[in-house]
Amino acid sequence: MKTFILNLILISSVVLPTPGRAAEDFVYVEQGLHTRTLAASCAACHGTNGNAVKTNAEFDATVLAGLDKAYIEQRLLDFRKGTRPATVMHRHANGLTLDEIKQLADYFSRQKPEKHTMPEPQKLKAVQDE
């Protein structure tokens, strides 16, 4: 019986499928899970990985991807101090520690900038029964 169980364990470890992992499932040392989680909350306005979509609105969110690390750090510190005017960024920055600000600045400075624009709205011709 003991041999049967050992053989069953051996066979099942080879035969049973295992879930695959995509590259984005792995957490790299330079991009810790906490930093990536913080950066994900920035995506609502600044886009995935800091690549904001340009809408040609009066106030589009800043593209953070590829910006200088020191520049991002200084802007977040200015928002935190209240010396840089903002609508909501001062509230976000107040919730960050100095270490988190440095981590976010490093994270976004390493991202590859990608140009994203809003698609043109469709113009449909209305056809009525004649």
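The structure is a predicted model, in which local features need pLDDT of at least 70, side-chain atom pairs count only at pLDDT 80 or more, and totals for chains, interfaces and linings use all residues. Residues are numbered from 1 along each chain as its sequence is written, and side-chain values use heavy atoms, with hydrogens and water left out.

The protein contains 5 helices and 2 strands, assigned as DSSP runs (H or I of at least four residues for helices, E of at least two for strands) and numbered from the N terminus. Along the sequence these elements follow the pattern α-α-β-α-α-α-β. Among the contacts in the protein with a separation of 6 or more, 58% join residues 24 or more positions apart; a contact is defined by heavy atoms within 4.5 Å.

Helix 2 has 14 residues, which at 1.5 Å a residue should span 20 Å, and its end C-alpha atoms are 19 Å apart, in agreement with that value. The expected span is taken as 1.5 Å times one less than the number of residues. The buried residues of helix 2 are Thr35, Leu38, Ala39, Cys42 and His46, and what covers them includes helix 4 (89-94) and helix 5. Just after helix 2, Gly47 has a positive phi of about 80°. A positive phi, of about 55°, is also found at Asn49, although Asn49 is not a glycine. Asn49 belongs to the loop between helix 2 and strand 1 (53-54) and is partly exposed, with a relative accessible area of 32%.

Helix 5 has 12 residues and reaches 17 Å from its first C-alpha to its last, close to the expected 16 Å. Its buried residues are Glu100, Ile101, Leu104, Ala105, Asp106, Tyr107 and Phe108. These residues pack against helix 2 and helix 3.

The largest nonpolar core has 12 residues: Leu38, Ala39, Cys42, Leu64, Ile72, Leu76, Leu96, Ile101, Leu104, Ala105, Tyr107 and Phe108. Helix 2 (33-46), helix 3 (69-81) and helix 5 (98-109) each contribute at least two residues to this core, and helix 5 gives the largest share, with 5 residues. A nonpolar core is here a set of buried Ala, Val, Leu, Ile, Met, Phe, Trp, Tyr and Cys residues joined through side-chain atoms within 4.5 Å. In soluble globular proteins, nonpolar side chains tend to be buried together.

Ala39, in helix 2, counts as buried at 6% relative accessibility. Apart from residues up to four places away in sequence, Ala39 touches Leu104, Tyr107 and Phe108. Ala39 and Leu104 are 65 residues apart along the chain, yet their C-alpha atoms are separated by 6.6 Å. The structure holds 1 aromatic pair. The rings of Tyr107 and Phe108 have centres 5.2 Å apart and planes at 80°, so this pair is edge-to-face. Rings of Phe, Tyr and Trp (its six-membered ring) pair if their centres lie within 6.5 Å, and planes under 30 degrees apart count as stacked, over 60 as edge-to-face and the rest as tilted.

Asp78, a residue of helix 3, is buried, with a relative accessible area of 14%. Asp78 and Ala93 are 15 residues apart in sequence and 8.8 Å apart in space, C-alpha to C-alpha.

The largest pocket holds about 870 Å³ of space. Of the 29 residues that line this pocket, His46, Thr62, Leu64, Phe79 and Met89 are the closest to its centre. Helix 2, helix 3, helix 4 and helix 5 are the elements that give two or more residues to the lining, and helix 2 gives the most, with 6 residues. On a 1 Å grid over the protein atoms alone, a pocket is an open set of points where a 1.4 Å probe fits, with protein on both sides within 12 Å along at least five of seven lines, and lining residues have an atom within 4 Å of a point. Grid points are joined across faces, edges and corners, and the volume is the space filled by probe spheres set on the points.

Methods
Buried means under 20% relative accessible area, exposed over 50%, partly exposed in between (1.4 Å probe, protein chains only).
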